[in-house]
Amino acid sequence: MSVAAFAAGFGLRPASEQPTLQDGTVSADRSSAPAAKAVSDGLSLGGDFSLVDHTGRPVTTADFTAPHLLIFFGYTFCRDVCSTELQRMNLLLEDLGPLAAKVQPVFISVDPERDTAKVLANYVGNFHPRLVGLTGTSAQVRAAAKKFGVYYGKLVQKTTHGEGDAETDAEYLMNHSSLTFLTGTDGRVLDIFQRDVRPEFLLERVRRVIGDGKGGEDRR
Amino acid sequence: MFLVYAMLATAILTGPLAAAQFRAGDVQITKAWARATPGASKSAAAYLTLRNTGRRIDRLVGLTTPVARRVAVHGTRMQGNVMQMYSIASVELRPGKTVVLRSGGMHVMLTGLKQILRKGATFPLTLRFAKAGAVEIRVSDSGIGAMGPASLHGANHGKKRC
């Protein structure tokens, strides 16, 4: 798997070149379509991961019974986008109605230092009732993020309140990819959604992948 | 009878049904809201809309609140699909312009949270402007995954699509 090639195909460009979002795609060549096509063309993204869920239990992709996983990588200290992304996932599952049973919502923390199972348990309960939070050792999280081509890193901030202390040192922000992944039961990515796609767009695309069941099987 | 109507109108406009508005000099502050926090959370995000109705440039230069040890304004920038946050020292308010702090854009970050923010509650936040001076506003807490302030017509069921 060449993540760099995939990223180039996905059209990653500096923020200054981004046109405004209109109908759920940034511009025609930056929609998720190239990613989905790349995946069906044989590019393999995602896959099996080995992490720890919010009850402290070790899990792998094999432990999920649903035919699809809907995964967002984030961290609980982030009070802005991560909360809204999980809420968006929640609304999507509501809109899917009976089809929602085919989708397992997953939140993978890119901040295992602070996001222990206990912290995750406290957090995921606020979103979809079936949302599973995953964390693990730094190595486990690193391996999982790498499989999905997810970038994450600590942002070191100078504190403006004089000396740094343990409390402010623990207030770091993180930069991270803000993509939502729809996978098959083996964790392999079937489609990818950028942060700002409209709910209608997300719903239609997810329905298409999971609804008729053909999309998932063809791509195994 | 007119007096009754006038009093009623005043009560409606200044009562709980009125959108909360605050003012410091020429700066109008509206739609101040925050997301409720899960128990034991140390951070929270808040948003507000600032409008400079005056003729001179002003800047939001400081924020303090009794519910958190540190308050800062953060911006969000996308580098491709990677989301980055950064500190903003002051927010410029041009004359006649409105600046909206919204999810995914600029937001107020509270850290060293001293209490849980509960949906339906409010907390005080003091804003300090370079020219307009300081004003204490009240920030309303919406649901934990809320996309916007709770509507005037009852609970925000999280169905807002922004």
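These are my notebook entries on a predicted model.

**Chain A, overall**

I began with the secondary structure of chain A and counted 8 helices and 9 strands. I then looked up burial: chain A has 220 residues, and 55% of them count as buried. For the surface, I noted that chain A exposes about 9,500 Å², with 54% of it supplied by carbon and sulfur atoms. I also checked how far apart in sequence the contacts reach. Among contacts in chain A with a separation of 6 or more, 71% are between residues 24 or more positions apart.

**Cysteines**

How many disulfides does the structure hold over all chains? I found 0. I looked at Cys78(A) in particular, which is in no disulfide; its nearest cysteine sulfur belongs to Cys82(A), 3.2 Å away.

**Nonpolar cores**

I turned to the largest nonpolar core, which has 61 residues. The members touching the most other members are Phe49(A), Ile71(A), Phe73(A), Leu96(A), Leu134(A) and Phe181(A). Which element gives the most to this core? It is helix 3 of chain A, residues 81–96, with 7 residues. I also recorded a second, separate core of 32 residues, which includes Val27(B), Ala32(B), Leu93(B) and Val139(B).

I went back to Phe49(A) and listed its contacts, setting aside neighbours within four places in sequence. Among them are Val59(A), Phe64(A), Leu69(A), Ile71(A), Ile108(A), Leu134(A), Ala144(A) and Phe148(A). Thr60(A) and Thr61(A) are also in contact with Phe49(A).

**Aromatic pairs**

I counted 7 aromatic pairs over all chains. One of them joins Phe73(A) and Phe181(A), edge-to-face, at 6.0 Å centre to centre with 90 degrees between the planes. Phe73(A) is in strand 3 of chain A (residues 68–74) and Phe181(A) in strand 8 (residues 180–183), so this pair ties together parts 108 residues apart in sequence. Phe73(A) is buried at 0% relative accessibility, and Phe181(A) is buried at 1%.

In chain B I looked up Trp33(B) and Tyr47(B). Trp33(B) is buried, with a relative accessible area of 5%, and Tyr47(B) is buried at 0%.

Which residues form one aromatic cluster? I listed Phe49(A), Phe73(A), Phe148(A) and Phe181(A).

**Ser109(A)**

My last entry concerns Ser109(A), which lies in strand 4 of chain A, residues 103–109. Is Ser109(A) buried or exposed? Ser109(A) is buried, at a relative accessible area of 0%. A polar atom of the Ser109(A) side chain lies 2.9 Å from the backbone nitrogen of Asp111(A). Not counting residues up to four places away in sequence, Ser109(A) touches Gly74(A), Tyr75(A), Asp115(A), Leu120(A), Leu134(A) and Val141(A).

How values were computed: Residues numbered from 1 in each chain as written. Chains lettered and ligands numbered in written order. Predicted model: local features only at pLDDT ≥ 70, side-chain atom pairs only at ≥ 80, totals over all residues. Heavy atoms only, no water. Disulfide = S-S within 2.5 Å. Helix = DSSP H or I, 4+ residues; strand = E, 2+ residues; numbered from the N terminus. Buried < 20%, exposed > 50% of the residue type's maximum accessible area, 1.4 Å probe, protein only. Contact = heavy atoms within 4.5 Å. Areas by Shrake-Rupley, 256 points an atom, 1.4 Å probe, with all protein chains shown as cover. Polar contact = N/O pair within 3.5 Å; in protein donor to acceptor, adjacent residues only side chain to side chain. Core = buried A, V, L, I, M, F, W, Y, C linked by side-chain atoms within 4.5 Å. Phe/Tyr/Trp six-rings, centres within 6.5 Å; stacked < 30°, edge-to-face > 60°.
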